[in-house]
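Let's learn to read a structure together, one feature at a time. Take a look, then ask away.

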Amino acid sequence: MDDSGSTTNEHSSGFIEAIQAKLKEGQEQDLPVRDSLERIPLDEAPTDTRLVISFRDASRTMDCDDLRPWPTDKDIFTVQQTPESTGPVLRQDHEPLCYFYFDPATDHITLSHKCKGPVEVVDLAAGERRGVPPRQCAGIRPGCWRVYGPRGRGLVPEVLLDFRLLPRPYATTIMERGGSGSKSSLLTALCKARSVQHVPRGHIHPVEQLSLGQTLSIRPRSGSTSGHPDAAYTLKHVRTAAVKQTACVVIGHHSKLGRVAIKVVRREHESDSRFVPSIARHWADEKRFLERLHHVRVAQPCIVELLGADARLYALYLKVLPGKDLSQWVDTGHFFTCGSEGDANRTILRISCQMTSAVAFLHKQARIVHNDIKPANIVAHLPRGTKVVDAKLIDFGHASVVEATDCPGGTPWYMPFDGPNNQGPARDCWALGVTLLFVMRAIPLPEKTQPVWRIDQVLHDDIQAQLMRDWLAGIQDRRKELGDGDIESFVHELLSPDAEERCRYLRRLARTLPLGSLT
């Protein structure tokens, strides 16, 4: 059979010419596609529309709750950006191809993909072409775009998707204390006191730009309305509770939820599009686990409570907890401290009972593993006029289901090394045991006194492995020194080298806890 001019047989005559002709044909198609997307009457688009999409193959679709067909064109679809959506997923025959993530600080989206080779992103207006290798990302600004699939050997790349990206359908505005919202300043102008300042588009998360007394307003853009009941509200900054590499926590006032702890998932260099997918996944995972706890919670007062969330800011709104985390209950030697010896003994007993109950509840009722139990993730409060401490478990950013076999994350000093079984509930039991060693003053806070190692390097780096072995040997030495008291015996069992024995003991103890030790 004559296959001259074939684009699939590199040995055929005219192969190069056929490839060039096919590429030229694709480039010539860019202009009508761009014109078609640009001519879309946006006033007919659904509220909160962020993407206008043209699929090039009937086997492809977008996986999202907010995909809607265009009323007058069956080949055009829209995707909305709502407080519940991190971005859509392009699928072919139900398999994911490309992921799109909304950026909370700019009008951009970030593209990542699961294709075997690099995909190509083309700006249809400027003609700019960018290759995106596997496991890497590309930031995309508003405009008309085309996504090509990987180039197979001797094949012209296939068009995966054409789309038009619109600016965010909402506006974020910072209002100074006492500002009425009637004045606004240009982004390039200096903002005077008590004026309203539009949040700069990019680089810094809007919540992180708030200072004491300022209010962040989230509203639909001028001339549009939102059909989502939680789309418009304000956040007033009261105080900053914590700023870490992966999260910022601000105590504030939500116009609909009242006083809240605002947890914003972030990275130190958030303007870099490489971090947006991990931020989005981290936020979605933590929200999912906290919602799961809400649905199964039965008289469990020792776990933080989720009040609301907003994917547009990658923010979680949590119930405010009085007190401070246990890593701040330290003396000058970085040991846990709580008043007199009698007060300390009562505190140790109560924290042990409350955290045992919380962890047992996670494993049995909620089927969740926390994966990062440590003093910094337990908030304790000693109400004025009492000697009874209340402790709650926080931060589910590394949580997983009990059945999961891959649980990345965690803090080195609170992780066992159980070989292939270094996952699941036994990991939480060990971490609780090390945490209680600190609460009992058997060890100082390791974050302040011990060298750190890379968890992902212990199987490949002798230095990292030795640091871990030295620490685990020291924990076993402290375990041998524990006495015969109730708490000492409990901690002794939690630090057992036998992973299954740790879990059995925690379940057995949780069933015998007195109710008065929890509330």
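Q: Which residue in β5 does R60 stand opposite?

A: R60 stands opposite Q92 in β5. This is a predicted model, where local features need pLDDT of at least 70 and side-chain atom pairs count only at pLDDT 80 or more, while totals for chains, interfaces and linings use all residues. Residues are numbered from 1 along each chain as its sequence is written, and side-chain values use heavy atoms, leaving out hydrogens and water.

Q: How many bridges join β2 to β5?

A: Strands (DSSP E runs of at least two residues, numbered from the N terminus) pair if DSSP finds at least two bridges between them. Here, β2 (residues 60-63) and β5 (residues 89-92) run antiparallel, with four bridges. β5 also pairs with β6 (residues 95-102), again antiparallel over four bridges, and V89 stands opposite Y99 in β6.

Q: What's going on with D93 in the hairpin of β5 and β6?

A: That hairpin has two residues between the strands, and D93 takes a positive phi near 50°.

Q: Where is confidence lowest, and where is it highest?

A: pLDDT is the predictor's confidence in each residue, from 0 to 100. In the protein chain, the lowest mean is 51, in strand β14 (residues 196-198), and the highest is 96, in strand β20 (residues 315-318). The chain averages 82, and 80% of the residues score at least 70.
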